[in-house]
Amino acid sequence: MSSVKSKDGTGIAFFRSGHGAPLVLVHGTSADHTRWAPILPKLEERFTVYAVDRRGRGASGDAAEYSIEREFDDVAAVIDSLGEPAFVLGHSYGALCSLEASLRTPNIRQLVLYEPPIPTGVSIVPPGLVDRLQSLLDRGEPEQVVTTFFQEVVHMPPAELKMLQSLPNWPARVAAAKTLPRELRADDTYRFEPARFATMHTPTLLLLGGDSPPFFKKGVETVQAALPASRVAVMPGQQHAAMNTAPELFLRLVSEFLKD
């Protein structure tokens, strides 16, 4: 495990493994670096992987006040600490952080963004949900917080949720439950401004599950329209966790896109 100081002084941890060109992995909400376990061995065969613990979870530090912009700085800080340009793969909230980090560092070779939660006017968070999640946290029910998030925000099918709950990293998701309300609040205030990316020519692959909810599809389409060097790959029959439900398909798309 290594750590780098982000712009605000918070320590951001990342875990190195494998051999080859550098690949930074940025996980989504309710997770830590262990979320990549199903596909990590294959990635390690080709890349030197740097799996990040986003702030507030795992081995990373945190700050008294939360700001989504600090998460963008965190990803950029990890990338810049490597000493050479890196590939970057971000999932969900981590994809949003990776996208914004591309405006903070010149050291991204190529980007893979899997369903970033871009606000597009399509409802993502049901009214009152954040307050309900906070109440669950206050009552000491972190597991119910995570389960409710997957059910009511991600709209994860019951069988897929049951599969996630059976994985070894489920306790890490529960441990990160305290970060869920703040990230959902940040989702509600973040504004995607396409004009800011008009000159961002980093080759970018946008991954989308063929069965994902409409707000993910709309978000991917919005980003694709804003990025001059982007394209979309749809994973048939998948939703928001193809690393678990279709790892071979996911790895094939990522590997075909990322070129040394």
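## Basis of the description

Helices, as named here, are DSSP runs of H or I with at least four residues, and they are numbered from the N terminus. The model is predicted.

## The largest cavity

A search of the whole structure for cavities of 30 Å³ or more finds one. The largest cavity has a volume of about 200 Å³. It is lined by 22 residues, with T29, S92, F149, V154 and H240 closest to its centre.

Helices α5 (142-154), α8 and α9 (214-226) each supply at least two residues of the cavity lining. The largest share, four residues, comes from α5. In terms of class, 14 of the lining residues are nonpolar, five are polar and three are charged.

Strand β5 (residues 86-91) is mostly covered, with six of its six residues buried. This holds for both faces: A86, V88 and G90 are buried on one side, and F87, L89 and H91 are buried on the other.

β5 is joined to strand β3 (residues 21-26) by four bridges, and the two run parallel. In this pairing L23 stands opposite F87 of β5. β5 also pairs with strand β6 (residues 108-114), again in the parallel sense, over six bridges. Here H91 is the residue that stands opposite Y114 in β6. Together with helix α3 (residues 93-101), the strands β5 and β6 make a right-handed β-α-β unit.

## Aromatic pairs

The structure holds eight aromatic pairs. In the pair of F72 and Y190, the ring centres are 6.1 Å apart and the planes meet at 75°, so the arrangement is edge-to-face. This pair links distant parts of the chain, since F72 belongs to helix α2 (residues 68-80) and Y190 to the loop between α8 and β7 (204-209), 118 residues apart.

Both partners lie below the 20% cut-off under which a residue counts as buried: F72 has a relative accessible area of 2%, and Y190 has a relative accessibility of 6%. Elsewhere, ring pairs link F149, F150 and W170 into a cluster. F149 is also among the residues closest to the centre of the largest cavity.

## V78 in helix α2

Helix α2, which carries F72, is also the place of V78. V78 is buried, because its relative accessible area is 1% and the limit for buried residues is 20%. The C-alpha atoms of V78 and V52 are 8.1 Å apart in space, while the two residues are 26 apart in sequence.

Key: Residues numbered from 1 in each chain as written. Predicted model: local features only at pLDDT ≥ 70, side-chain atom pairs only at ≥ 80, totals over all residues. Heavy atoms only, no water. Buried < 20%, exposed > 50% of the residue type's maximum accessible area, 1.4 Å probe, protein only. Pairing = 2+ DSSP bridges. Right-handed = clockwise from strand over helix to strand, strands pointing away. Phe/Tyr/Trp six-rings, centres within 6.5 Å; stacked < 30°, edge-to-face > 60°. 1 Å grid on protein atoms, 1.4 Å probe; cavity = no way out; pocket = protein on both sides within 12 Å on 5 of 7 lines; lining within 4 Å. Points joined across faces, edges and corners; volume = space filled by probe spheres on them. Nonpolar A, V, L, I, M, F, W, Y, C, P; charged D, E, K, R; others polar.
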